[in-house]
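Hi,

Here is the structure I said I would pass on.

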Amino acid sequence: MPFIHPVQDIVVDSANKQVYIVIKNTIVVYRFVDGQYKQVGKWIDTYKLDELEETKKRKKAKNNAGEAVASAKKEVPIAEALSLNSNIRGLKTFNQGKSIVACTDSNKGIAIFDVDLQDSENCLTLRKREQFSKRPNAITLTDDENVILMADKFGDAYSINTQGEVHNEKSMGERKPILGHVSMLTDILFRKNSSNNKHFIITTDRDEHIKISNYPHSFVVDKWLFGHTEFISSIVSPEWKSQWLISAGGDDSIFLWNWESGKLLSTFNYSDLIQSHLTDSHLAAGRFQNEEKNIIEYCVAKLATLKSLPYVAFYVEATKVLFILEIDAERGSLSLKQTLNLPANIISLTQNEDIFSVSLDNCESGDKDFVKLIKLDSKAGSFVVDESLSQDLDKIITTTLKSDNNLLTQSKDDMHPLYNIINLKKHGEHYS
């Protein structure tokens, strides 16, 4: 029986009482009005859909001799073409909630939208779209929100003005990166030094590197942070302690740095905590296995900190558990605060003010358990799921999307790949 595809990203704008969710190639907006959520916006990425379908129809296969042969003609459903070619990622709000930006896979680009906070029909208007030669992997904004900084799959970072004209697609090759690595970039942050007010870009890559570059003269490298032995998938810097940086990825530890001084303050090893939550889905691919076929591979998919509270949350890809660590603001140490077991695998993790938002893999539960909003219960001194708001969001998602064929899927085998961060891990073939 068809069910709504899992939510791949969720962004909560509590100031404007709006929630943005991403499913495959679609952004849906809900607004809290008169005590309930209502759908107030929707945008579907159909960029060059006709070309994508035609390319699929012309695709050729090879026989055993390596000779090209025409593949059997097969009509490609619109829903399938969208799913495979138009995924949306990395959604962020800015301009006091009046704008959003997202990465779009269909054109390896950045899409910027105006948000009409009064419009109750469709509050999203696509204002600007920029295309790049390689797929964007991560985005962030400068403090004044006039510039978007993008890190791509090739290892380069670019700057894009949030205002002004769209970059001419024909002259795309003339666009110059503002900095580069020799490996795929995985995350990017913009930070100001707390002592001298200078600005910096912090970038991470598949080769275990954290690079800190001056801004706007980003060709000048300030320092490197060395300590990781595996790829880095996520970095965050607490608003309440901007000189600190937390990083994680393929290592079995969370790293806490003072990025201004370049000093590693502490690490938190979570390997013992995660063992009971690992399943057969964490077994390494056959070509990387040993004779016993028991090698497991896992990684931290995402980190998130709160605006004013000293906590950082993270989850390991393809698991149902959210770990919340307490950060000692005096000693710069990390300790386990709480482990939250959720009803399904976590797909995404974001933060708004002092609330963590997660989306879940609902392929087993069907049309429920899409999202969970998690906050600190000050009386109990522990983090809890806000079941009322979470259920309200589940209800409106089901009500508004259950008849949208583009967002339905028949089985988990038909879903957009949800667990691909571990593919960043390097094996012998990547070093040869």
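Let's start with Trp-224, which sits in strand E19, residues 221-225. This is a predicted model, by the way, so read everything here with that in mind. Trp-224 counts as partly exposed because its relative accessibility is 35%, between the 20% and 50% cut-offs. Together with Val-221 and Phe-226, Trp-224 makes up a nonpolar patch on the surface, and the three have about 290 Å² of accessible area between them.

There is a salt bridge in that stretch too: Lys-223 pairs with Asp-222, with the closest N and O atoms 2.3 Å apart. Lys-223 counts as buried, at 18% relative accessibility, whereas Asp-222 is partly exposed at 34%.

Next, the inside. The largest nonpolar core has 21 residues, and Ile-254, Tyr-270 and Leu-303 are the ones with the most contacts inside it. Strands E21 (244-249), E22 (253-258), E24 (300-305), E25 (311-316) and E26 (321-328) each give two or more residues to this core. E26 gives the most, with four residues.

What does Ile-254 touch, once its neighbours within four places in sequence are left aside? The list includes Ile-246, Phe-268, Tyr-270, Val-300, Leu-303, Phe-314, Leu-325 and Leu-334. Ser-247, Ser-266 and Thr-267 are also among the contacts of Ile-254.

Is Ser-234 buried or exposed? Ser-234 counts as buried, because its relative accessibility is 1% and the cut-off is 20%. A polar atom of the Ser-234 side chain lies 3.1 Å from the backbone nitrogen of Leu-303. Leaving aside neighbours within four places in sequence, Ser-234 is in contact with Asp-187, Ile-246, Ser-247, Ala-248, Ala-301, Lys-302 and Leu-303.

On to the charged pairs. The structure holds 14 salt bridges. One of them joins Asp-45 and Arg-129, with 2.8 Å between the closest N and O atoms. This pair links distant parts of the chain, 84 residues apart: Asp-45 is in the loop between strand E5 (36-44) and helix H1 (49-58), and Arg-129 is in strand E11 (124-131). Asp-45 is buried, with a relative accessible area of 0%, and Arg-129 also counts as buried, at 15% relative accessibility.

Arg-331 and Asp-328 form another salt bridge, at 3.0 Å from N to O. Here Arg-331 counts as exposed because its relative accessibility is 68%, while Asp-328 is partly exposed at 22%. There is also a network in which Lys-128, Glu-130 and Arg-175 are joined by salt bridges that share partners.

Finally, the overall numbers, in case you want them for your notes:

- The secondary structure of the protein chain comes to five helices and 32 strands.
- The protein chain has 432 residues, and 53% of them count as buried.
- Among contacts with a separation of 6 or more, 50% are between residues 24 or more positions apart.
- The accessible surface of the protein chain is about 20300 Å², with 46% of that belonging to carbon and sulfur atoms.

Over to you!

Key:
Residues are numbered from 1 along each chain as its sequence is written. This is a predicted model: local features need pLDDT of at least 70, side-chain atom pairs count only at pLDDT 80 or more; totals for chains, interfaces and linings use all residues. Side-chain values use heavy atoms; hydrogens and water are left out. A nonpolar core is a set of buried Ala, Val, Leu, Ile, Met, Phe, Trp, Tyr and Cys residues joined through side-chain atoms within 4.5 Å. Buried means under 20% relative accessible area, exposed over 50%, partly exposed in between (1.4 Å probe, protein chains only). Contact means heavy atoms within 4.5 Å. Patches are made of residues with over 30% relative accessible area and no salt bridge: like charges are joined within 9 Å, nonpolar side chains (Val, Leu, Ile, Met, Phe, Trp, Tyr) within 5 Å. Accessible areas come from the Shrake-Rupley method with a 1.4 Å probe; for residues, only the protein chains shown count as cover. A salt bridge is a side-chain nitrogen of Lys or Arg within 4 Å of a carboxyl oxygen of Asp or Glu. A polar contact is a pair of N or O atoms within 3.5 Å; within protein, one must be able to donate a hydrogen and the other to accept it, and residues adjacent in sequence count only if both atoms are side-chain atoms.
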